[in-house]
Amino acid sequence: MSITDTQAEAAIEAARRAADAIGVPMNIAVYDHGANLKQFARMDGALLGSADIAMNKARTAALFGFNTEALYDFCKPGGTSPGFDRTNGGLVVFAGGIPVRDEAGRLLGAVGVSGGAVAQDYRVAQAAAAAVDTRVLEAAE
C-alpha cells in the first residue's frame, strides 16, 4: 500500500499551514513507498535551491524508513559507513525528511521539507507527516 493522493494533499496543506505559522515559505515533497515523487509544492518565495533538498529528504526517508537525521550517525566522521550519504544518487542526512506509515506500521511514503533553518524544516515536516501518520505527532509529545 502506498500514500494516496488525498493523504499527500493533506500533508502538503498541513505543511503550508505550519510554514505560514512561522513565516517561512517552504518546498514540500511527498514520496510514495517506492521512493517516487507523489506530489510537490513550492510556496511563493521559497528558496529555489531548497526544492531539490526537499525532494531528496523525502526520497531518503522513503528509501530507508527513518527520519533523515537518524541516518547521520552512519556517515559522520568516524561513523560506520563513510560515504553513505553519497549513495543512491545522494542522500540527505539532516532533519526535514520523515517517513509516514499506516496504522499497522507499514511504510506508505515520506515527506521532505526545505527552505528554512533545519529546526524549522523539521517542525514543518512533522506537521506534514502527522497529517497522514498520527503516530508522528504522538512520538513528538
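Select Ser114 to begin, and you will find this residue in strand 4, where strands (E, at least two residues) and helices (H or I, at least four) are DSSP runs numbered from the N terminus. The model is a predicted one, in which local features need pLDDT of at least 70 and side-chain atom pairs count only at pLDDT 80 or more, while totals for chains, interfaces and linings use all residues. Residues are numbered from 1 along each chain as its sequence is written, and side-chain values use heavy atoms, with hydrogens and water left out.

Ser114 counts as buried because its relative accessibility is 4%; buried means under 20% relative accessible area, exposed over 50%, and partly exposed in between, with a 1.4 Å probe and protein chains only. Show Ser50 next, since the side chains of Ser114 and Ser50 make a polar contact at 3.4 Å, a term for a pair of N or O atoms within 3.5 Å in which, within protein, one must be able to donate a hydrogen and the other to accept it, and residues adjacent in sequence count only if both atoms are side-chain atoms. Leaving aside neighbours within four places in sequence, Ser114 is also in contact (heavy atoms within 4.5 Å) with residues including Met26, Asn27 and Asp121.

Now move to Gln120, which lies in helix 4 and counts as partly exposed because its relative accessibility is 27%. The side chain of Gln120 reaches the backbone nitrogen of Ala117 at 2.8 Å, and, with neighbours within four places in sequence left aside, Gln120 is in contact with Ile22, Val24 and Met26.
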